[in-house]
Amino acid sequence: MSASQSNRARGLATRLTHAGRKPEDFHGFVNPPVVHASTVLFPDCATMLSGGQTYHYARRGNPTTDALEEALAELEGAAGVRLAASGLNAVSVALLSCLSSGDHVLITDSAYGPTRHFAETTLKRLGIAVDYYDPAVGAGIEALFRPNTRAVMTEAPGSLTFEMQDIPAIAEVAHARDALVVMDNTWATPCFFDAIGHGVDLSVQAGTKYLIGHSDAMLGTVAASERAWPGLKETHGALGMHVGPDDVYLALRGLRTLEVRLRRHMENALEIARWLEERPEVARVRHPGLESDPGHAIWKRDFAGACGLFAFDFVDSVSEAQSHAFLDALELFGLGYSWGGFESLAIPVRLKGARTATPMPTGGPSVRLHIGLEDTADIRADLEAGFAALKG
């Protein structure tokens, strides 16, 4: 058994603590060094031309980037991992690695907005046909395949409306049709959803979120199955993609505490979500970890946990202006578009123009919350102040 296979048999927290670290290679220092470099020198012409030296040019990697890619490959059970400048950058390189002009791609109707924008602009400009599907379609996605369908873009749960997807069923259909499955797995991370083990070929994370975990750097990651790895490796290299070593180091640092942070985010979020379900101002809480959620059975079957991100809908009698008053009254919750850091965040959910294959959600205004690592009593008190502002 290889060292990587041995590590993958160990517990999650143990793997996160040790993956990608080789102190013996760096004079015994616990953490990999931050290597700032561009040029790599060769001892002689024969070595330069042979291609046998480990590093040739820093754009193609250095000890810092290698450490993170190796750690994530182990965590994801992947053939290989490549880094990107952001989550959207990771989505784009994943899709470009498996699509060509004349191909067709199916994308979940609940996809991250910028993913949809990339599809509607860049992919269509390159002559790639795009269709959207109901996230609840499951094995029924077979009816949407064309002879030229080469990929299915999934996201579970959706980052605004939180519908779950039956990833194994979709993957079985896609693979029978010789198509690859791409998944945005930022919400669960590989800690709580084994994307590649459930049939995903290209597992994407916005490392900006939980991997880094401190709201101070941008990063994207793509982990590939054996089948998808050659295309990802070639496309990533051809595009000249590279992430600065300082940001990579912050991701390596965040990786060590990822499991313990995620569990605290999950516990806090489920407590607040259950509390919100009892509020008279709330019509529905959108969190697949709740027994009341339509996607709960799939979440319970396939996922090992949840994170801190979910949404809730106000009752019909609450106006959009009142929902904004609720948000403006919050003090612990920052108003910010990102999530996954240690702090709580909130945004109004805006879905205008974001659905084509499924009906737009109806009812009162919706708010997305990221529950941070604060004490839940203080989080509840802050939300109470927001609800009080509805009546003002």
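I started with E142, which is partly exposed at a relative accessible area of 43%. For the burial labels I use under 20% relative accessible area for buried, over 50% for exposed and partly exposed in between, with a 1.4 Å probe and protein chains only.

Ground rules: this is a predicted model, with local features needing pLDDT of at least 70 and side-chain atom pairs counting only at pLDDT 80 or more, while totals for chains, interfaces and linings use all residues. Residues are numbered from 1 along each chain as its sequence is written, and side-chain values use heavy atoms, leaving out hydrogens and water.

**Salt bridges**

I looked up the partner of E142 and found R177, with the closest N and O atoms 3.8 Å apart in a salt bridge. My rule for a salt bridge is a side-chain nitrogen of Lys or Arg within 4 Å of a carboxyl oxygen of Asp or Glu. This pair links distant parts of the chain: E142 sits in the loop between β3 (129-133) and β4 (149-155), R177 in the loop between α7 (167-176) and β5, 35 residues apart. Helices (H or I, at least four residues) and strands (E, at least two) are DSSP runs, numbered from the N terminus. R177 also counts as partly exposed, at 36% relative accessibility.

Next I checked D166, which forms a salt bridge with R301, closest N and O atoms 2.8 Å apart. That one runs from the loop between β4 and α7 to helix α12 (residues 296-302), 135 residues apart. D166 is buried, with a relative accessible area of 18%.

Then came R279 and E384, whose closest N and O atoms are 3.0 Å apart in a salt bridge. R279 is in the loop between α11 and β8 (282-286) and E384 is in helix α14 (residues 376-390), so the pair ties together parts 105 residues apart in sequence. R279 is buried at 14% relative accessibility, and E384 is partly exposed at 36%.

**D184**

D184 is in strand β5 (residues 180-184). It is buried yet has no salt bridge; K209, the nearest side chain of opposite charge, is 8.0 Å away. I count Lys and Arg as positive and Asp and Glu as negative, leaving out His and the chain ends. What I did find is a 2.7 Å polar contact between the side chains of D184 and T186. A polar contact is a pair of N or O atoms within 3.5 Å; within protein, one must be able to donate a hydrogen and the other to accept it, and residues adjacent in sequence count only if both atoms are side-chain atoms.

**R261**

I found R261 in helix α11, buried at 8% relative accessibility. Its side chain reaches the backbone oxygen of Y210 at 2.9 Å.

**Cores**

The largest nonpolar core has 82 residues, and those with the most contacts inside it are W187, L276, F326, L369 and L383. I take a nonpolar core as buried Ala, Val, Leu, Ile, Met, Phe, Trp, Tyr and Cys residues joined through side-chain atoms within 4.5 Å. Helix α11 (residues 258-277) gives the largest share of this core, nine residues. Domain 1 (3-254) and domain 2 (258-390) both give residues to this core, so it lies between them; the domain bounds come from an automatic or database domain assignment. Apart from it lies another core, of 29 residues, among them V91, C98, M153 and A228.
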